[in-house]
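Subject: Structure handover

Hello,

Here is the structure for you to take over.

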Amino acid sequence: MKTPIHSQDDSQTSCLTGVVVAICNCPDADTASRLARGLVEARLAACVNQLPPVQSTYRWQGQIESADEHPLLIKTTLASYPKVQNWLADQHPYDLPEIIAVPVTAGLPAYLDWVTKEVAT
């Protein structure tokens, strides 16, 4: 089952640069590496940063849990984000993976152009 994309109206979700950073936490380094490489190979992302483990604390099924997780910072375009979200939801081992996107409102123009050119739409 595909995870639906939730959005507000365009005036609240506009992204001036057309680039977003998607964030996704992974249970281990191997999963993070597999997902990062898969996103870039599929041209869904121009670049994926694999960050060192972080300690996450969250409520899950009525219990407070803590776990080490490996964050991914995924540079992609707003137009390609739905494909990124669906691909991650299909490939991720979690029942409910964190997959969110933050708009990039400014950045080095040459870098933003590079992201746009590297991501297939």
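The notes below go from the whole chain to single residues.

**Ground rules**

This is a predicted model, where local features need pLDDT of at least 70, side-chain atom pairs count only at pLDDT 80 or more, and totals for chains, interfaces and linings use all residues. Residues are numbered from 1 along each chain as its sequence is written, and side-chain values use heavy atoms, with hydrogens and water left out.

**Confidence**

pLDDT is the predictor's confidence in each residue, from 0 to 100. The chain averages 90. A score of at least 70 is reached by 87% of the residues. Residues 1-13 stay under 50. For that stretch the model has ten contacts beyond four places in sequence; a contact means heavy atoms within 4.5 Å. Where pLDDT is low, the predicted coordinates should not be read in detail.

**Overall build**

The chain has four helices and five strands. These are DSSP runs, numbered from the N terminus: helices are H or I with at least four residues, strands are E with at least two. From the N terminus on, the order is α-β-α-β-β-β-α-β-α.

Of the 121 residues, 32% count as buried. Buried means under 20% relative accessible area, exposed means over 50%, and partly exposed lies in between (1.4 Å probe, protein chains only). The accessible surface comes to about 7400 Å². Carbon and sulfur atoms hold 54% of that surface. Areas come from the Shrake-Rupley method with a 1.4 Å probe; for residues, only the protein chains shown count as cover.

Take the contacts between residues at least 6 apart in sequence. Of these, 74% join residues at least 24 apart.

**The salt bridge**

The structure holds one salt bridge, defined as a side-chain nitrogen of Lys or Arg within 4 Å of a carboxyl oxygen of Asp or Glu. The partners are arginine 37 and glutamate 41, at 2.9 Å, N to O. Both residues are exposed. They sit four residues apart in helix H2 (residues 29-41), so about one helical turn separates them. Side chains of opposite charge can pair when their charged atoms come close.

Cysteine 24 is in none, and its nearest cysteine sulfur, on cysteine 26, is 4.7 Å away. Cysteine 26 is in no disulfide either. Cysteine 24 is buried, at 0% relative accessible area. Cysteine 26 is buried too, at 0%.

**Serine 56**

Serine 56 lies in strand S3 (residues 54-60). It is buried, with a relative accessible area of 12%. Its side chain makes a polar contact with the side chain of glutamate 69, at 2.5 Å. A polar contact is a pair of N or O atoms within 3.5 Å; within protein, one must be able to donate a hydrogen and the other to accept it, and residues adjacent in sequence count only if both atoms are side-chain atoms. Beyond four places in sequence, serine 56 touches Asn25, Glu65, Ser66, Ala67 and Glu69.

**Glutamate 98**

Is glutamate 98 in a helix, a strand or a loop? It is in the loop between helix H3 (81-91) and strand S5 (100-103). Glutamate 98 is partly exposed, at 33% relative accessible area. Its side chain makes a polar contact with that of asparagine 25, at 2.7 Å. Leaving aside neighbours within four places in sequence, glutamate 98 is in contact with Ile23, Cys24 and Asn25.

Best wishes

Definitions and conventions:
A disulfide is a pair of cysteine sulfur atoms within 2.5 Å.
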